[in-house]
Amino acid sequence: MAGYVVRRLLTAVPVLFGVTLITFLLMHFTAGNYVPGLQLDPNLKPSDIARIRANLGLDRPLVVQYLDWIGIGALFKAVGLAGVLGGSHNIDPGILEGNFGRSLIDGSPVLASVLGRLPNTLELTATAIVVGLALAVPVGVVSALRRGSRLDQFLTAASVAGFAVPQFWLGLLLILLFSVEFHAWGLPWLPSSGAVSPLGGGGVVDRLQHLALPATVLAFFYLSSWSRFVRSSMIETLSQDYVRTARAKGMSERRTVYVHALRNAVAPLVTLIGLELPGLVSGALVVEVVFGWPGIGLLAFQRALQYDYTTVMGITTFAAVLVVLGNLLADVLYAVIDPRVRYS
Amino acid sequence: MPATAGPVIVTREETRDPEWDGRRAEVGINVPDESAEQLRRFPAAWSRREFLRRLGGTAAVAALGAGTMGFLEACGSGGTPTTSATPRKGGHVTEGWAFDIKTFNPILSQDVYSNLCIGVCLDSLLTSKANGELMPLLAEAMPKVSADGQTYTFKLRQDVKWTDGTPLTSDDVLFTYDLIFAPEYAAVASPRRGDFTQHVAAISAPDPYTFVVQTKSPYAPFLATHAQYGILPKHVLGNLPAAAINTADFNSAPTVTSGPFKFVRWDKGSQVVFTRNPDYYRGAPRLDSFVYKVVPDTVAVANQLKTGEIDAGQISPSQVASLQTEPGLTLTSFVVPQFEFYMYQLDPTKPAGQIFQEQAVRQALLYAIDRPGIVKTVLFGQGQVANSVEPPTSWAYNPNTRPTYPYDPRKAGQLLDQAGWVKGPDGVRAKGGRRLEFTLQYATGDPVLKSVAQVMQQDWQAIGVKMTPQEIQFSQLVTLITDTRTFDLILVGFNFSQDPDQSQLFSSSGTERGGFNGFDFKNAQVDQLLNQAATTLDQSKRKQLYFQYQDIMAAQVPAPVLYFLKRTYGVSKRVQGYGYGPFNQYGQRPWLKDVWVTDGK
């Protein structure tokens with residue numbers, strides 16, 4: 001197992017390298033000669049643009065910028081080869097040294113911005129995953145037990161809808177109903193954006209009120225996909241020989257379904273959830289944008305619109321690392337849950 | 001802080017209504033919230049338009065437009081308290097905007113949202129009234145100008161203290177301006193240095209309450225352009241090396257300030273919170289707190305005005321109608337110096353330049369555009385057809401500029417006929433083998449510009465001109481204007497500041513690489529007038545020069561302004577004394593300290 005994990009981690013290196021390279025090139029080719037953070041102001045002389053680009057290190061060849069960003073520059077400097085990379089700009093540690101650089105927009109450290117947004121994102125996604133899961137299992141089981149019934153058909157239709165309805169649309173609909181219209185009707189209403197009230201907010205009730213709508217949208221998505229999975233897995237398990245044997249031995253239906261069948265049916269779900277682990281951090285972009293939820297997704301979105309290369313690249317790299325780790329974790333978990341799986 | 005005298009390409013970050021700011025979007029992709037917005041307004045805009053087209057009637061148009069006519073035209077007035085009730089102390093106001101700010105450093109800031117928050121807590125030498133007239137703030141009075149028009153002497157108020165108790169003196173002012181002037185601060189990533197050093201010869205602080213600026217030559221836009229930056233505390237930032245200024249903690253958390261409100265916190269992406277500065281030298285503000293709240297988009301601004309989550313905000317044109325009937329809101333609307341215009345390629349070495357060099361063609365194309373129709377249907381009435389390059393908000397604006405270009409497709413056709421452009425078998429006009437066929441480029445992602453481009457396409461098709469609209473990335477559009485310049489026509493939004501100088505856009509000096517006269521307009525008379533006006537300090541003389549200038553520009557139409565925009569703001573009725581105007585909202589707000597809330601909450 002340990003050897004397997006090490007091998008997997010080693011193969012992740014080129015993947016991450018590729019991700020950083022592609023992100024870097026995409027950002028640079030999209031932005032062109034645009035100076036991030038500057039509006040286009042004719043008072044801005046070409047000398048200003050040149051000076052600011054030089055300050056940001058954007059005047060150097062792309063290769064040098066890239067190597068500097070990932071931190072090879074600092075390695076070179078350490079072994080006395082700094083001159084190779086051009087001396088006009090300070091050579092700072094890069095992501096290899098754990099330094100994601102500073103935002104081109106507000107000059108703040110990228111990693112600190114990302115980590116600062118992490119709790120908000122986790123609050124949202126974890127809630128959605130827990131709620132989604134807590135509802136998906138019973139919904140899936142009921143559907144499976146009453147396969148073909150009106151209820152099953154309704155739940156199937158609902159989950160197809162949950163899958164098909166765009167999150168932004170559902171989000172806007174909920175805002176319109178539970179914030180705007182409820183307010184207009186004089187009913188208790190929910191706040192439509194943000195994670196806390198700007199003044200005097202931050203209490204548990206305040207947070208829950210803000211959490212309700214975005215978490216619902218996200219949970220609905222998870223519920224839709226996982227309940228389908230539980231349903232089919234349950235149907236398959238119920239047709240297994242051991243279930244028939246259990247019934248033949250006179251075991252109660254309740255015990256057969258909920259102890260013998262359910263445990264086996266739900267086990268593969270763990271893998272599925274493992275695959276969602278990166279989604280804990282990156283999966284809520286659309287919902288965060290619609291609800292102005294100050295998480296990592298919103299940060300990535302806002303900064304991409306401002307050509308803030310370093311922040312976007314930092315978030316992408318951060319997310320890529322999580323995807324790699326999430327996949328690995330899912331594979332390992334699979335072996336833990338199902339002893340028949342062996343890695344060699 | 002209208003920090004620039006010249007025109008400004010308006011980006012997504014800019015002042016204007018973000019709803020139709022997609023094209024100015026720094027990236028023009030149709031992002032989820034934007035497309036959601038389009039879902040809501042686009043069909044509405046188009047069904048209306050199509051409906052009117054089919055009706056062919058002006059009555060319906062008039063009815064649609066009438067809704068917006070009753071608004072208070074607040075332009076030119078100062079703060080307008082809406083009741084005479086006795087002001088009370090306490091409570092808060094939350095203002096909602098669809099964009100987060102970027103920095104609290106006035107020297108680095110280049111976007112209006114940052115400027116707005118800077119203005120709440122950092123005062124400047126001068127500031128603007130609603131109509132764009134300058135007024136003293138940290139300065140005791142307007143600066144004394146020497147006889148040769150090159151030396152400005154500012155006398156500072158002696159009762160101003162930073163929130164940590166240190167007096168604010170000319171040392172702080174000198175330090176702030178040194179950041180964009182002194183060679184040792186060249187590494188400060190300020191966008192203002194180029195212009196400042198181009199015009200300024202020396203700055204000095206001869207005594208603690210005197211600050212002197214000497215310009216290289218008389219330069220009329222100087223005060224409007226450079227006297228409205230928030231002043232920075234030298235005793236906090238003075239020890240930092242130049243490069244460290246760019247990333248100073250102060251930029252995100254200004255703990256020592258001078259304005260009516262003190263900084264409390266900036267939750268990035270969510271809100272900026274301020275609290276009353278009880279020792280403010282112009283008198284303590286009435287409000288306990290002021291909140292700048294970042295909301296997801298312009299639909300959210302309207303929604304949250306309805307729910308009361310925000311007390312004030314700019315309403316996008318498509319939302320105005322739905323908020324007019326909202327009982328708890330007061331709507332105010334005024335024309336702003338923001339506009340959409342299109343540039344004709346005038347460089348004769350380029351194919352389109354050959355076509356557009358002909359004045360008759362430029363004029364005919366403008367006659368053929370149904371601009372009143374665009375304002376009524378695409379802008380939901382939130383605009384005013386332009387009859388001059390100067391905005392109606394400017395003191396230099398001539399309402400009687402001639403010629404004007406009312407919608408007149410027949411006249412357009414006649415002009416082209418007279419000029420020898422005759423329709424070919426496919427209905428497209430041609431002359432000497434050259435066809436009236438070209439491309440109009442605009443930044444992707446803005447439903448309004450897209451609609452405008454489509455109207456232009458149809459209107460021009462009606463007179464035998466084939467135009468193809470083409471969307472490109474905003475960053476590429478900028479390169480096209482300032483650098484490569486290989487376009488036929490460009491449709492773009494711009495923003496004029498309070499000074500009427502338009503040299504950067506229309507003087508031939510702007511045709512140099514990096515300049516904004518990317519359409520290659522060169523007119524010796526215009527150059528001479530703009531230059532003379534910029535170096536004349538007497539406002540009435542300047543005005544005469546700009547009147548002449550406007551007439552020439554109206555005849556030449558190198559880059560016709562289609563319309564100037566109207567902005568509508570919604571303010572909760574519990575809030576009193578909100579002084580929104582075209583020039584006193586995105587910077588120091590001299591009226592903010594007098595704002596109060598009727599419920600004291």
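The following dialogue examines the predicted model shown above.

Biologist: How are residues, chains and ligands numbered or lettered, and which pLDDT limits apply?

Modeller: Residues are numbered from 1 along each chain as its sequence is written, while chains are lettered from A and ligands numbered from 1 in the order in which they are written. This is a predicted model, in which totals for chains, interfaces and linings use all residues, side-chain atom pairs count only at pLDDT 80 or more, and local features need pLDDT of at least 70.

Biologist: What percentage of the residues of chain B count as buried?

Modeller: A residue is buried if 20 or more other C-beta atoms lie within 10 Å of its own, exposed if 12 or fewer, and partly exposed in between, with C-beta atoms placed from the backbone. Chain B has 601 residues, and the share of them that count as buried is 59%.

Biologist: How many helices and strands does chain B have?

Modeller: Helices (H or I, at least four residues) and strands (E, at least two) are DSSP runs, numbered from the N terminus. By that definition, chain B has 19 helices and 23 strands.

Biologist: Why is strand 2 of chain B largely enclosed by the rest of the structure?

Modeller: In a regular strand the side chains alternate between the two faces of the sheet. In strand 2 of chain B, His92(B), Thr94(B) and Gly96(B) point one way and Val93(B), Glu95(B) and Trp97(B) the other way, and all are buried. Strand 2 (residues 92-97) of chain B is therefore largely enclosed, the number of its residues that are buried being 6 of the 6.

Biologist: In which sense does strand 2 of chain B pair with strand 11 of chain B, and in which with strand 12 of chain B?

Modeller: Two strands pair if DSSP finds at least two bridges between them. Strand 2 of chain B has 6 bridges to strand 11 (residues 289-294) of chain B, in the parallel sense, and His92(B) has Ser289(B) as its bridge partner there. With strand 12 (residues 312-315) of chain B, Gly96(B) has Gly313(B) as its bridge partner. Strand 2 and strand 12 of chain B are joined by 2 bridges, and they too run parallel.

Biologist: Is Ser282(A) buried or exposed?

Modeller: Ser282(A) belongs to helix 11 (residues 277-282) of chain A. Leaving aside neighbours within four places in sequence, Ser282(A) is in contact with Ile296(A), Gly297(A) and Ala319(A). Because 21 other C-beta atoms lie within 10 Å, Ser282(A) is buried.

Biologist: Are helix 18 and helix 19 of chain B roughly parallel or roughly antiparallel?

Modeller: Axes are lines fitted to C-alpha atoms, for helices over the stretch in contact, and angles run from 0 to 180 degrees between N-to-C directions. Angles under 35 degrees count as roughly parallel, over 145 as roughly antiparallel, 65 to 115 as roughly perpendicular and the rest as oblique. Helix 18 (residues 524-534) and helix 19 (residues 539-556) of chain B pack at about 155°, with their axes 9 Å apart. That angle makes helix 18 of chain B, relative to helix 19 of chain B, roughly antiparallel.

Conventions. Contact = placed C-beta atoms within 7 Å.
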